[in-house]
Amino acid sequence: MTDVQNGRIIKVAGPVVVAENMIGARMYDVVRVSRENLIGEIVELRGDRASIQVYEDTIGIGPGEAVVNTAAPLSVELGPGLISSIYDGIQRPLDQLVAAQGSFIRRGSAIPGLKRGITWHFTPAVENGREVVAGDIIGQVQESTLVNHKIMVPPGLAGRIDGLREGDYTVEDAVATVTNSAGGKTPVKLMQKWPVRQPRPSRQRLNPNQVLVTGQRVVDAFFPIARGGTACVPGPFGTGKTVVQHQLAKWVDADVIVYVGCGERGNEMTDVLREFPELTDPHSGEPLMKRVVLIANTSDMPVAAREASVYTGITIAEYYRDMGYSVALMADSTSRWAEAMREISTRLEEMPAEEGYPAYLGARIASFYERAGRVVCAGSPERQGALSVIGAVSPPGGDLSDTVVQATLHVVKVFWSLQGRLAQQRHFPAIDWLTSYSFYKQYLPDSFEDKQMGKEFAEMMQQAMTLLEQESQLVEIVRLVGAESISAQDRMTLETAKSIREDFLHQNAFHKVDTFTPIEKQHEMIRLILHFHQAGLAAIENGVDTGQLFKLPVREDIARAKYLENDKIEQVAAIRNIVDEQVRGLYAAAAE
Amino acid sequence: MLKEYKTVSQISGPLMMVEGVDNAKYGHIVDIELADGSLRHGQILQVEGDKVLVQVFEGTEGINISGTTVRFLGKPMELAVSPDILGRVFSGTGVPKDGGPRILPKMKLDINGSPINPYARDYPNEFIQTGISTIDGLNPLVRGQKLPIFSGSGLPHDEITAQLARQATVRGKGEAFAVVFAAMGITFEAAQFFINDLTNTGAIERSVLFINLANDPAIERIAAPRVALTAAGYLAFEEDMHVLVILNDMTNYCEALREISAARKEVPGRRGFPGYLYTDLATIYERAGRIKGKKGSITMVPVLTMPEDDKTHPVPDLTGYITEGQIIMSRSLHRKAVSPPVDVLPSLSRLKDKGIGPDKTREDHASLYNQLYAGYARGKEAQELATILGEAALSAEDQKYMKFANAFEARYISQGYYENRDVMQTLDLGWELLSMFDDVELKRIDKKLIEKYMPQFRKK
């Protein structure tokens with residue numbers, strides 16, 4: 001290997017800097033630029049010239065200044081202390097930056113991702129003298145009340161382990177030594193490093209065949225996402241993309257959540273920062289933050305770091321997956337990530353493909369989503385982990401033919417299509433039931449403890465979807481000829497479809513009960529709505545007037561069923577009896 | 001010692017190439033002295049070896065290759081600030097334009113600013129009463145928010161921004177806003193309208209104006225919002241003032257940016273705008289906000305005109321993705337003489353839920369706007385249907401909703417530019433309009449609230 005030499009800047013154009021005399025430099029090596037010590041990454045090599053994308057503002061940088069090659073790719077530090085942290089796009093802790101630099105982000109900081117000063121109590125899980133391989137769990141640290149952090153042998157290392165002892169260690173202390181067959185000794189620390197652009201290894205990929213429950217009715221019932229699956233949420237601004245992402249982050253049934261705010265609004269990120277610590281985890285009652293890692297690279301922060309932020313996020317997520325956890329990663333928004341790629345590409349004077357995006361856009365998006373999945377983790381004990389990825393896309397003007405949307409739809413298996421029209425009607429979440437899809441629907445029945453109930457639920461949802469489909473056609477006819485000219489049965493269909501929309505699909509994220517609906521309650525709610533439908537159809541057969549039917553007071557109970565406490569599902573079921581009672585009451589009137 | 005160069009090698013559009021330069025730095029500013037002794041200003045866009053590309057704020061007209069001297073000042077563009085900037089008028093680059101003296105600087109600030117650390121931000125949750133029902137009632141504005149007005153040519157966005165500047169206040173505190181106004185490429189009349197309005201109400205004493213008119217150099221518009229926000233940042237975070245920043249008109253800013261991009265022969269994105277337009281706009285809009293531990297705040301109302309009222313045009317589109325909502329002006333309401341003609345349905349304040357509620361406005365606020373909104377959406381559909389089929393063909397229910405929509409437009413939306421409605425008045429008006437419906441139809445409002453508030457309006 002040639003010695004790595006330091007170079008000299010010859011060109012500065014926005015976030016891209018070109019340096020010469022960069023002999024021995026490799027693609028994606030991290031460099032330090034100028035006296036200001038700005039962090040950058042090599043993205044192009046021509047002879048001894050390297051183009052560098054700089055993760056910080058380059059104002060005041062000029063030719064002649066030094067570029068120091070660290071000869072290592074952009075990496076993150078993985079170890080205890082990640083949970084509850086808030087990082088920028090290249091894993092600098094934002095809270096510590098405030099302490100060090102004040103309210104505004106200055107350049108050239110070098111605070112490491114994991115705190116050095118604090119100690120963690122380490123408990124070994126294997127005996128000294130054992131042969132270990134990469135991925136083996138050798139011990140654990142209680143990182144937060146919700147996350148038991150497994151310490152694993154880093155990838156690429158194998159041999160006999162020695163020196164394990166229970167005690168308090170910092171992330172840099174050696175907790176054990178691994179001696180390989182050639183006698184080489186390597187210390188194992190609580191912390192390991194991993195290059196962000198490279199997927200972490202696992203033993204085997206599995207089919208994602210379990211549904212991830214989110215408590216969001218339209219998602220769980222119609223368009224579920226699988227554990228280890230991928231989903232995409234495109235929609236024009238103002239359709240509640242971010243609220244959907246926040247809701248999923250809050251309620252999704254995963255052990256660890258990684259939330260990447262990529263090019264997001266500063267105030268929105270502050271909302272996350274302020275709200276998440278106050279939220280309680282519905283599964284444990286502990287603060288939600290105890291299982292969350294936040295990455296915030298707001299839109300005014302340097303564009304190159306935005307490009308890196310999704311990789312930083314997914315690498316951290318993979319690390320927890322490797323411990324055998326179910327991890328969910330939310331990226332909001334991948335369009336900003338794509339735009340960052342485009343901006344860098346333009347500055348590199350690359351030949352653009354569609355809409356100025358680089359030709360490798362599709363490949364980058366695909367390989368990002370492909371890092372999701374359910375896997376058998378490397379090493380022992382035998383365990384399975386899952387990484388589910390949910391990406392928001394912000395297409396210009398809400399146009400779904402947008403390059404980024406199309407490239408994303410190529411790879412993801414769930415599509416939640418947000419519609420401006422629904423948002424305008426204040427129907428939230430504004431997920432369009434007619435155009436969205438999910439390939440994981442088939443696994444839905446298995447997510448119920450009671451399999452029979454699951455089957456029933458899937459059947460009812462199919463029936464509900466049929467009603468909605470019929471509605472979309474009937475509405476056109478009604479528009480033209482008026483509601484009076486269609487049959488009573490069709491009017492019933494319209495009324496039930498409306499009830500499905502308003503009483504089931506519509507969900508208020510800010511209502512304390514409605515914000516999360518357990519799947520059993522969802523089952524009961526849809527059963528109730530369809531029960532009224534059946535009872536109504538029967539009544540119509542018996543000559544009951546639809547006007548009277550639709551005015552029954554029980555309909556208000558149906559509408560308010562979503563606000564009934566989640567642990568009192570029997571109250572929802574009880575409404576069915578009221579339906580029967582009141583509908584039967586109409587028979588007498590009809591007979592007269 | 002500042003070195004002077006007479007090595008201009010190329011001038012093209014707003015750009016100038018200087019060669020043989022030592023030690024030039026990206027983003028720094030230059031002074032350009034013309035052969036006739038007049039002075040212009042520029043900023044370095046790119047440095048490659050000893051070649052420097054400069055954008056000239058005042059335009060390149062009259063600059064020649066041989067007689068021009070360029071001085072590299074070795075610093076980024078700065079604005080001299082002190083409390084004395086209040087009540088003054090400056091150019092888009094911060095040069096006094098009112099004949100007054102230069103500002104004796106208390107400090108000099110880099111106009112590019114630095115990103116606010118998201119961790120240091122304080123969440124905007126203080127309700128601002130604007131006295132405009134469509135904003136206070138349906139899309140409440142909070143301190144530290146950025147809420148743009150999407151307008152079109154011929155629509156009264158000047159009137160509504162003036163009304164905002166005049167009436168905006170935090171309820172119960174009576175604290176007034178300092179106003180920072182940046183005009184970018186607007187007409188003399190539009191600027192004068194605003195200045196007169198401020199003068200008439202005496203608000204000019206707590207205002208700072210940065211004026212770049214339509215006939216001023218276009219490239220100066222690139223600096224104008226940044227200069228204005230630097231002044232706003234100083235007033236908010238150093239002098240503890242609450243600042244309302246009005247940027248009018250951002251479409252002109254984006255066009256100036258496009259001009260530079262085209263001159264640099266960059267690969268254009270949509271409609272010829274550069275691919276980095278989003279990032280560039282974000283560095284402007286994101287300077288609004290509140291910071292933990294600081295008393296002041298920056299609330300921003302950018303105005304932009306949508307070409308052909310097209311919301312999907314890159315400027316409104318990208319703006320909408322950065323700002324916390326948008327207020328959209330409606331041409332059809334304007335024709336119906338509804339003023340201010342706020343198009344309620346597509347307008348949105350993302351932070352509305354943060355500024356309202358029992359302690360801030362009233363407990364029924366959130367349910368009320370949801371219900372009004374849903375009712376109006378339904379009524380609008382009925383209105384459209386009626387234009388196709390005739391009113392008589394509508395069902396009784398549709399007719400009721402249409403009646404509601406008409407009343408809503410005439411009484412709730414329409415209020416004129418000089419009526420300052422208290423938010424309680426706005427809320428009560430909402431109930432009064434909703435009393436047209438039976439309780440059962442008000443699905444978005446909690447039963448208890450209906451029982452508490454509705455009876456007094458039903459009697460009438």
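This is a predicted model: local features need pLDDT of at least 70, side-chain atom pairs count only at pLDDT 80 or more; totals for chains, interfaces and linings use all residues.
Me: Why is A:Gln91 called buried?

Reply: The relative accessibility of A:Gln91 is 4%, and the word buried is used for values under 20%, so A:Gln91 counts as buried. The residue sits in the loop between β8 (86-87) and α1 (94-101) of chain A, and, leaving aside neighbours within four places in sequence, A:Gln91 is in contact with A:Val76, A:Glu77, A:Leu82, A:Pro112, A:Gly113, A:Thr312 and A:Ile316.

Me: What makes the pair of A:Gln91 and A:Glu77 a polar contact?

Reply: A polar atom of the A:Gln91 side chain lies 2.9 Å from the backbone nitrogen of A:Glu77, and the cut-off for a pair of N or O atoms is 3.5 Å, with one able to donate a hydrogen and the other to accept it. The distance of 2.9 Å is therefore within the limit for a polar contact.

Me: How do you know that A:Glu349 and A:Lys11 form a salt bridge?

Reply: Their side chains meet at 3.7 Å, N to O, and the rule asks for a side-chain nitrogen of Lys or Arg within 4 Å of a carboxyl oxygen of Asp or Glu, so the pair qualifies as a salt bridge.

Me: What is found across the interface of domain 1 and domain 2 of chain A?

Reply: The rule finds one salt bridge there, along with two residue pairs in polar contact, both at pLDDT 80 or more. On the side of domain 1 of chain A that touches domain 2 of chain A, β1 (7-13), β4 (38-46) and β5 (49-54) of chain A each supply at least two residues, and β5(A) gives the most, with three residues.

Me: How much area is buried between domain 1 and domain 2 of chain A?

Reply: About 940 Å² is buried, 61% of it given by carbon and sulfur atoms. In domain 1 of chain A, the residues that lose the most area to domain 2 of chain A are A:Pro15, A:Gln53 and A:Tyr55, together 46% of what that side buries.

Me: What makes β13 and β15 of chain B edge strands?

Reply: The open sheet of three strands has the order β13-β12-β15 in chain B. β13 (141-142) and β15 (169-170) each have a single partner strand, so one side of each is left without a neighbour in the sheet.

How values were computed:
Residues are numbered from 1 along each chain as its sequence is written. Chains are lettered from A and ligands numbered from 1 in the order in which they are written. Side-chain values use heavy atoms; hydrogens and water are left out. Two strands pair if DSSP finds at least two bridges between them. Helices (H or I, at least four residues) and strands (E, at least two) are DSSP runs, numbered from the N terminus. Buried means under 20% relative accessible area, exposed over 50%, partly exposed in between (1.4 Å probe, protein chains only). Contact means heavy atoms within 4.5 Å. Buried area is the accessible area (1.4 Å probe) that two parts lose on being put together, summed over both.
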